[in-house]
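Thanks for coming. I will go through one structure today, starting with a term and then moving to charged pairs and backbone geometry.

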Amino acid sequence: MLVVLQNYEIHLFDEFVLRGNIAVLRCPIPSSVADYVKITSWERIDGFMISPHLASDKYGMLDNGDLYIQDTSDHVNPFSFRCHTENTITREKKVSTNYSRIIVTDAHHAQAPRIMQRSSIVNVPIGQKTTLACIAQGYPVPTYRWHKLVGNQPVSLQMRSSARQDGGVLVFHKTLPSDSGRYVCHVKNSMGEDSVQIELIVEGMLLCIVKPYLI
């Protein structure tokens, strides 16, 4: 297959979020290069770097490269962020042409939660990191509950050391075959609720054993 390498630029946009909710910043890679350009990290305007492997209660990256920020409040307003990308063929690195700001707004009336960003079916090789996303906005700030379906019955998650729940994001640092299955995210506040079902498929490695044939 012949790949024609194209020059590209990434321009970011400001994102609005209701106070206290999870904010998401996107790094829109042009479709013409999306097959071989990936988002590697985000940089805060003060130089603080956020990578997929960062252990933080505040920041994280989704599988698609989006940056999520927990519990937004006034102190995030001065911060802006830009994304870093890499061409997986040439290893050329590029940074977005501008910074994106998080603009925190106050709700003027109560709102039932609505899931704004969600995963659907997630395929991941065994042993790799992955995230399941269920990010909502509402006021009062909604709460999140995750369950795993056993048959058709929801069962509370038993989180292990290599997995954690970041509000609307379920993070598996090292996937196991037992992580495969259907997960349900429930989002609720005093005005209502919303939910989404996500399927996680952990793909095992194929083992091929070749035995010599003796004549």
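First, a definition: with a 1.4 Å probe and protein chains only, a residue is buried under 20% relative accessible area, exposed over 50%, and partly exposed in between. By that rule, Arg19 counts as partly exposed, because its relative accessibility is 28%.

Before going on, some background. What you see is a predicted model, where local features need pLDDT of at least 70, side-chain atom pairs count only at pLDDT 80 or more, and totals for chains, interfaces and linings use all residues. Residues are numbered from 1 along each chain as its sequence is written, and side-chain values use heavy atoms, with hydrogens and water left out.

Now the charged pairs. Side chains of opposite charge can pair when their charged atoms come close. I call a pair a salt bridge when a side-chain nitrogen of Lys or Arg is within 4 Å of a carboxyl oxygen of Asp or Glu. How many salt bridges does the structure hold? There are eight, and I will show some of them.

Arg19 pairs with Asp106, at 2.5 Å from N to O. Arg19 sits in the loop between β1 (15-18) and β2 (23-25), and Asp106 in the loop between β9 (100-105) and β10 (111-118), so this bridge ties together parts 87 residues apart in sequence. Strands here are DSSP runs of E, at least two residues, and helices are runs of H or I, at least four, numbered from the N terminus. Asp106 is partly exposed, at 46% relative accessibility.

Next, Arg82 and Glu43 form a salt bridge, with 2.9 Å between the closest N and O atoms. Arg82 belongs to strand β7 and Glu43 to strand β3 (residues 37-44), so parts 39 residues apart in sequence are tied together. Arg82 is partly exposed at 23%, while Glu43 is buried at 11%.

Lys93 and Glu86 also meet in a salt bridge, 3.6 Å from N to O. Through shared partners, salt bridges join Glu86, Arg91 and Lys93 into one network.

Arg91 brings us to the backbone. Most residues other than glycine have a negative phi, and most peptide bonds are trans. Arg91, in the loop between β7 and β8 (93-95), has a positive phi near 65°. Asp71 has a positive phi too, about 45°, and lies in the loop between β6 (67-69) and β7 (80-87).

Last, the bond between Tyr139 and Pro140 is a cis peptide bond, with omega about 0°. Pro140 is in the loop between β12 (130-139) and β13 (143-150).
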